[in-house]
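Dear colleague,

Please find below the structure that I am handing over to you, with its sequence. My notes on what was found in it follow directly after.

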Amino acid sequence: ENCIEGYTGTTPHFVCASDGTATRDSNSFCRPEECDSKVLPSLLLHTCENVSFGENCYAYCPPGYVAEALATRLRCLGPSSSEPAVSPSEEDSVTLRGTVPQCVASQCLYNLPWGERYVHNCSAVVTGQHCLVSCAEGWFGTVEVLTCQATGDLSGAYPACRTITQTTTRTFTVTQPEPVLVKGSGGYLVAWSQQNASQEHPIASLAVEQSLRWLLNVTGLDAEDAALVSASVEEVNGTEDAADILFEIELPTQNATTLLAQLVEVFEEKQHVFAVQAALRNTGVDSLWNASILEFFVNFSVEDENLTADLAYVVPPQIFAQ
């Protein structure tokens, strides 16, 4: 007797007892083989550590990269499986099988140089790339390098551009007002039968980040730059059938009152609920395919100003049937 495909161990030995029964040697056993996660491309994030034969895991792009599907399910299987090995060299072994996501670097949309004082080549940089910012004609200062971060924003110091002073009867300079930040903090209560929190939570967070970032960046808000969004999952005490997906938003603007009113209108209309729920269901994660948003809340505030707005409501199930 030998261990079947997907299992490994010592060759079993049997002893024939005086009553004619065969007794198995207690020192022989078969255990599931583990799949090596090192066959995955180094760029990918995954939940495939310590996965054994017959088990599933997920691979997905890191922040700052996108693919057709947010997450791809992989399985630890043997050569008799019809699924392709992640690494062709492992085709005849027990290994991770399935199709890994093809990750493409995202374009940076947030914190682009803004205003007449700057010239730059930052409009099309993607995650990990650099660009140069210098002073426009009529201004003088240094040249600085900005880096496109995985969060979608450019990091680095802007050059300190100063106007060339002109003298007629008097001397004058031109200054540009700095934008203020409108910040939002909120969350979705999601009905969701979680199967493996450590595998599913980062994928759900990424789905909400991408959905809200897309929604806010195509809405035509009175903002100076694209929305910076982050999200995280928090378990609801006492249940595995629901979770809070919390998010943070930042938007720079020269007109905080107008932007605040626009944001309230966007989230009052509940179109974001459709967008976020669809994003969760389309992640490729089995447990999220029928996720439903039950409640929503958000608080908006303006940095250094006494302006706030709050929204909170239960999501009626019938809105998804319309």
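Tyr188, Phe247, Phe267, Phe296, Phe300 and Tyr313 form one aromatic cluster. Rings of Phe, Tyr and Trp (for Trp, its six-membered ring) are paired here if their centres lie within 6.5 Å; planes under 30 degrees apart count as stacked, over 60 as edge-to-face, and the rest as tilted.

Before going further, please note that this is a predicted model, in which local features need pLDDT of at least 70 and side-chain atom pairs count only at pLDDT 80 or more, while totals for chains, interfaces and linings use all residues. Residues are numbered from 1 along each chain as its sequence is written, and side-chain values use heavy atoms, with hydrogens and water left out.

The chain as a whole

The chain has three helices and 23 strands. Helices (H or I, at least four residues) and strands (E, at least two) are DSSP runs, numbered from the N terminus. The C-alpha trace spans about 120 × 45 × 30 Å along its principal axes. The radius of gyration is 27 Å, whereas a compact globule of 322 residues would have one near 20 Å; this radius is taken over C-alpha atoms, and the globule rule is 2.2 Å times the number of residues to the power 0.38.

Gly20 and Ala309 give an idea of these distances: they are 289 residues apart in sequence and 82 Å apart in space, C-alpha to C-alpha. Gly20 lies in the loop between strand 2 (14-16) and strand 3 (22-24), and it counts as exposed at 56% relative accessibility. Buried means under 20% relative accessible area, exposed over 50%, and partly exposed in between (1.4 Å probe, protein chains only). Buried residues make up 40% of the 322 residues in the chain.

An open sheet of five strands has the order 20-21-19-22-23, with antiparallel pairing. Two strands pair if DSSP finds at least two bridges between them. Strand 20 (228-235) and strand 23 (308-314) stand at the edges with a single partner strand each, so one side of each is left without a neighbour in the sheet. On average, neighbouring strands of this sheet are turned by 15° against each other, direction ignored.

Within this sheet, strand 19 (residues 180-191) and strand 22 (residues 292-302) run antiparallel and are joined by ten bridges. Val182 has Val302 as its bridge partner in strand 22. Helix 2 (residues 256-268) packs on the sheet and touches strand 19, strand 21 (242-253), strand 22 and strand 23; its direction makes about 0° with that of strand 23. Helix 3 (residues 271-281) lies across strand 19, strand 21, strand 22 and strand 23, and runs at about 120° to strand 22.

Lys270 is found in the loop between helix 2 and helix 3. Its phi is near 70°, a positive value in a residue other than glycine, and at 23% relative accessibility Lys270 counts as partly exposed.

Which face of strand 12 (residues 130-135) is covered, and which is uncovered? Cys131, Val133 and Cys135 make up the covered face, and His130, Leu132 and Ser134 the uncovered one. In a regular strand the side chains alternate between the two faces of the sheet.

Strand 12 and strand 14 (residues 144-148) run antiparallel and are joined by four bridges; His130 stands opposite Thr147 in strand 14. Strand 11 and strand 12 also pair in the antiparallel sense, over three bridges, and Tyr118 stands opposite Cys135 in strand 12.

Nine aromatic pairs are counted by the ring rule given above. In one of them, the rings of Tyr118 and Tyr158 have their centres 5.1 Å apart and their planes at 75°, so the pair is edge-to-face. Tyr118 lies in strand 11 and Tyr158 in the loop between strand 15 (154-155) and strand 16 (162-163), so the pair ties together parts that are 40 residues apart in sequence. Tyr118 is buried, with a relative accessible area of 13%, whereas Tyr158 counts as partly exposed at 25% relative accessibility.

Yours sincerely

Conventions:
Axes are lines fitted to C-alpha atoms, for helices over the stretch in contact, and angles run from 0 to 180 degrees between N-to-C directions. Contact means heavy atoms within 4.5 Å.
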